[in-house]
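Here's a quick briefing to read alongside the structure.

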Amino acid sequence: MALITTDMKLSEVILQHYVLMPVIRRFGIHLGFGEKTILKICQENNLDADLMVSILNLYVHPTYTPDLTLSAQQLVATVSYLKQTNALIHESQLPNVERHLQALMHYSFAKNKALGLINNFFTEIKTELQQRIEKDNDERFPSILAFAASASPVIHETHQEPSLREQQESLDEKIFDLRSLLMKYLTGEADENLCYAVFFALYTLENDIRQYNNVCQSLLTPAVKAMIKQHNAQK
Amino acid sequence: MLKNKHIIVLSTHPLEGRGLQSFLCDEYHPEKVVVHASPQTINDTENSQCDLFFVSADLFVLFYDFFLLRKNKVIIFGTTLWNDSQSVMLSFLNIMTNEESLKAQIDELLSNTFHHENSDGLTSRELEVLTLVAQGLLNKEIADALNISLHTVISHRKNIAAKLGIKTVAGFTMYAAMNGLIAVNG
């Protein structure tokens, strides 16, 4: 699969990789973009085209390593993108899984008590995810933004990253396990349509968390580390 | 341990075969034990129903290909320890001994090599490990509880993860709860 480049038409890229629809939404690009190239759309929306194609490529190419060292401005834009991702997870994706799961519980729990376990497992994942989002939004991102703005060493990102990463990795693995359990080991009666709906809603959530981690690991963390290194060298 | 099991004893010596058959019937009460002098006389039904083969070392060597395919269900018996059995992880029963020792050896062989797999292919040992993981025990605690090495626990956990396609402790716990291996609170 060829890498996505700024001179490609966004419509063609999306038609080929429909999973990118939520990504462009997080950049604030609205539907109706016609036949314009990614570069043109980015210029019109005051977005960084290089950053955008890096994130698009990270999303569709699992082994892609971005050839981009973020500038301070790009760092701010990346944080903004991640905050949008968190907002969508919180406002749309988690409620979406919950809605389907509640319907499944409502129709099938009386006949299949194992669904209670699925529900409990999801509640556990949801709590962990919400805590992670809260921590990112309240502590991690403000400190990165403050650093990018003033170059003052107010963060200890190098120390924070491993533990955060471990937590995030375990989250998408937990959702993967929940999907596996639902697909392979849930026996007995349960509304199949709703099971499929829960499965797909979980898949979308898992994928977005994985991509979120990718952007952090491949773009954000190296940029923050580089800034800290530069700051220390200047001292 | 052998209740409801079908066993085939293979020996070129009729008395040896009958003796082992009689011992297994008296001590373990299996569903059925038949004696054959060669794998060639085993019919298709017996072959497909057989849960465990006791085969004399000479027949094992003679029909190596037949038994190698069924090595997880084979216990070789003889009068001396067959050296190769260690290198290829085969089960060996020394029959040149008293009844008490014979029983102890068979007990151990059955618990070590005659795996009771659940429907997802987990052996009884893996189910034990899984249950302890789901109960929140750490690898070291599991090793102590089952009297096995830490390395073995890790190896079991890798096998469980590969067989079930589950990676996290939360996932193992959930599987254990769904399969009645642990009690569910609330």
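In chain B, helix α7 (residues 124-134) packs against helix α10 (residues 169-178) at an angle of about 115°, and their axes are 8 Å apart. That makes α7(B) roughly perpendicular to α10(B). Keep in mind that you're looking at a predicted model.

**How the two helices meet**

- As α7(B) goes past α10(B), the crossing is left-handed.
- On the α7(B) side, the residues in contact are L130(B), V133(B) and A134(B).
- Their partners in α10(B) are V169(B), F172(B), T173(B), Y175(B) and A176(B).
- Sort the contact between α7(B) and α10(B) by class and you get 7 nonpolar residues, 1 polar and no charged ones.

**Aromatic pairs**

- Count over all chains and you'll find 8 aromatic pairs in the structure.
- One of them is F199(A) with F200(A), an edge-to-face pair with 5.8 Å centre to centre and 90° between the planes.
- Is F199(A) buried or exposed? F199(A) has 17% relative accessibility, so it counts as buried, the cut-off being under 20%.
- F200(A) has a relative accessible area of 53%, which means it is exposed, as that takes over 50%.
- For a stacked pair, look at F60(B) and F67(B), with 5.8 Å centre to centre and 25° between the planes.
- F60(B) and F67(B) are both buried.

**A cluster of rings**

- Which residues do ring pairs link into a cluster? They are F53(B), F60(B), Y64(B), F66(B) and F67(B).

Note on methods
Residues are numbered from 1 along each chain as its sequence is written. Chains are lettered from A and ligands numbered from 1 in the order in which they are written. This is a predicted model: local features need pLDDT of at least 70, side-chain atom pairs count only at pLDDT 80 or more; totals for chains, interfaces and linings use all residues. Side-chain values use heavy atoms; hydrogens and water are left out. Axes are lines fitted to C-alpha atoms, for helices over the stretch in contact, and angles run from 0 to 180 degrees between N-to-C directions. Helices (H or I, at least four residues) and strands (E, at least two) are DSSP runs, numbered from the N terminus. Angles under 35 degrees count as roughly parallel, over 145 as roughly antiparallel, 65 to 115 as roughly perpendicular and the rest as oblique. A crossing is left-handed if the near helix is turned anticlockwise from the far one by less than a right angle, and right-handed if clockwise. Contact means heavy atoms within 4.5 Å. Ala, Val, Leu, Ile, Met, Phe, Trp, Tyr, Cys and Pro count as nonpolar, Asp, Glu, Lys and Arg as charged, and the others, Gly among them, as polar. Rings of Phe, Tyr and Trp (its six-membered ring) pair if their centres lie within 6.5 Å; planes under 30 degrees apart count as stacked, over 60 as edge-to-face and the rest as tilted. Buried means under 20% relative accessible area, exposed over 50%, partly exposed in between (1.4 Å probe, protein chains only).
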